[in-house]
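Trainee: I am new to this one. Could we go through it together?

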Amino acid sequence: MKAASFAYHRPDTVADAVGLLAEYGDEAKILAGGQSLVPMLAMRLTYFENLVDISRVDELKNIELRDDDHGPQVWIGAATPHALVGMDDEVAESVPLLTLSTPHIGHFQIRTRGTLGGAIAHADPAAEYAAVALALDARIEAASPRGRRQIPAAEFFTGLWETSLQADELLTAVAFPVWSGRCGFAVREFARRHGDFAIAGATVAVELDADDRVARCSIGLLGLGSTPKRGTQAEDAITGRTVTDISAEELGRLAMSGLEDVPADNQGSASYRTRVGATMVARAWTEAITEALNA
Amino acid sequence: MHELPVGVSVNGRRYQATVEPRVTLADFLREKCGLTGTHLGCEHGACGACTVLLDGQAVRACLIFAVQVDGQEVTTVEGIASSDGTLSPVQAAMRECHGLQCGFCTPGFVTSITALLRDNPQPTDEEIREGLSGNFCRCTGYQGIVNAVHQAAQSQA
């Protein structure tokens, strides 16, 4: 259980980190918090000649509110630890789904070290922040020798632990849109032990109009495919409807209807996960609309 | 592979060594500093036995390479008691409440509980169980450990 030998690089700036990626390409891997990468190295499930440690790149550790063509967003630097995201007042005010999902990520000794950018770039289908990014249509910023680009979350998660990042691109920040108005937010997930990878989970964001109709709804699903997923059919079906006419159980079932690659493993069969997922959506929905109706 | 110099302050004392980048902080503490109180169970971040405080934050020492903590401060279980050997409130409560049997997991629990109570001095039963979910104990069944956290919280109130 010891990692194989590698060369270690610790740049101080994004420019230096990108330069190292340009130099080593496929033979380099970014090391952020290391809470997923280091176990994989220790078990020799993966190997890289070079590790580029970004844990001391200060420009990647900021949280700020920005407003541009995309509307108000909270920008979170890639190397910001989960623990800081979870306790940040601006995040709690503007992107409550992140605050609500943080306690579900591993254990507190993991959250002190693990980073938001690392979780997104690792792209585990059961990762909370990845599901939130997809659900809120976040944009993912990447830097390379060609400059910076922004990738919509819907185009970012391409497969199990696979993303549209190129080998020479560094994930630098994620921009989460701010929902305001009569909103409610909730995160529910089920795991056999707190902090384990969820068997299934759901995030719900809902905004109501003055007549208690659903102005918009976003359902993020985790542990229910090879990537994070959205409950698109359920979102479409309830938009414009009065909340009191919507059955939480029906919504949960509908959210599962478009799923094609629900995992089956020793934690449970695909049908079991789907039933758990429907229940998590139903519970998160009930909690989210209660908040929205009282907002 | 190139070895790199690492300087770390551990329990207030400075340690300097040259190591391969793949050496974890846990192995560095045990083999270069001679501080074998930090135990290695799973070596992939699941069991929590190797938990130490890095600049005050509880972390898995098996998931950090020693080269990453160059210039930082580490507190291991050896640094939790007073310099005269008086047990900390957490350590004393673990002993009184039978929070350990074989003792292998205990260093990780002591460091984790120390960080937990610093950030949340009066945790509920649920918060304690959630806070300890990242540490395995295969002997006690956890009841004594949970009781120890309650007692340590009361003794520090």
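Trainee: In what order do the 5 strands of the open sheet in chain A lie?

Mentor: Strands of a sheet pair through backbone hydrogen bonds, either parallel or antiparallel. Here the order is E4-E5-E10-E6-E7 in chain A, with antiparallel pairing. Strands are DSSP runs of at least two residues (E) and helices of at least four (H or I), numbered from the N terminus; two strands pair if DSSP finds at least two bridges between them. This is a predicted model: local features need pLDDT of at least 70, side-chain atom pairs count only at pLDDT 80 or more, and totals for chains, interfaces and linings use all residues. Residues are numbered from 1 along each chain as its sequence is written, while chains are lettered from A and ligands numbered from 1 in the order in which they are written.

Trainee: How many residues does each chain give to the contact?

Mentor: Two residues are in contact if their C-beta atoms, placed from the backbone, lie within 7 Å. Chain A gives 25 residues and chain B gives 24.

Trainee: Which elements give two or more residues to the side of chain B that touches chain A?

Mentor: Strand E4 (57-60) and helix H4 (125-131) of chain B do. E4(B) gives the most to that side, with 4 residues.
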